[in-house]
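Reader: I'd like to learn how to read nonpolar cores and aromatic pairs in a model. Can you walk me through it?

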Amino acid sequence: SIFKEFKCFPNDGKDVCSIENKDQSQITLKGTRFVIRTNENLIWTLFSSEPTSLTFDNIHKNTITSTSKFTGVLRLALAPPAQEQLKSLGSQSSRNYNSIEDVTSSSGLSRLACHANSYPVGGKTTWDFHSKKDVATVYFEYDVKTMGSSSKGCKDSTELLMLALPHHAQVLNPKQMLQTKDEFDLT
């Protein structure tokens, strides 16, 4: 088996997801936001541009299929555990968190869900070399589309949210970064 759990993203008033069918052999969910946990204990979020019905094979736990043709946009994101949970785990692997709820309750995943409707479809990169030959500034300009309306209760939800690795964050413009760890607590 590949998957351990398939659930609706916790209802935060921003969208609706419901169980259409549940028995020993399968679970069918209908909505726009889903959460999947793998056997490796990785938690993934799946965002859909339109409500869709997905069926999880509850016996073999290796497939999630659409119940009908889908022509919209799907976004899939890995959701690591919140930093405070990592501290409580001590030296254990970051993949050993307790539940989907541990991850989906984080402010970082909440922010990610707020910006899930905006996604890059292209862009251009330019650069500017400074007087020193080994120093340059690189600029990224993205072409962005949105999956429907903005998320309710989310500030700037139509803006594209891009993440950076810690060593990239050291050289980013501070005005373009979140200022406190409370704003994004995922590692």
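Author: Let's take the cores, then the ring pairs. This is a predicted model, where local features need pLDDT of at least 70 and side-chain atom pairs count only at pLDDT 80 or more, while totals for chains, interfaces and linings use all residues. Residues are numbered from 1 along each chain as its sequence is written, and side-chain values use heavy atoms, leaving out hydrogens and water.

Reader: Which residues touch the most other members in the largest nonpolar core?

Author: In soluble globular proteins, nonpolar side chains tend to be buried together. A core here is a set of buried Ala, Val, Leu, Ile, Met, Phe, Trp, Tyr and Cys residues joined through side-chain atoms within 4.5 Å; buried means under 20% relative accessible area with a 1.4 Å probe, protein chains only. The largest has 14 residues, and Phe 9, Val 35, Ile 43, Phe 47, Ala 79, Val 103 and Leu 109 touch the most other members. A second, separate core has ten residues, including Phe 6 and Phe 56.

Reader: How many aromatic pairs turn up in the whole structure?

Author: A ring pair is described by the distance of the centres and the angle of the planes. Rings of Phe, Tyr and Trp (its six-membered ring) pair with centres within 6.5 Å; planes under 30 degrees apart are stacked, over 60 edge-to-face, the rest tilted. The search finds five pairs. Phe 6 and Phe 56 sit 5.9 Å apart between ring centres with planes at 45°, so that pair is tilted. Phe 9 and Phe 47 are tilted too, at 6.2 Å and 50°.

Reader: Is Phe 47 buried or exposed?

Author: Buried, at 3% relative accessible area; Phe 9 is also buried, at 5%.

How values were computed
Buried means under 20% relative accessible area, exposed over 50%, partly exposed in between (1.4 Å probe, protein chains only).
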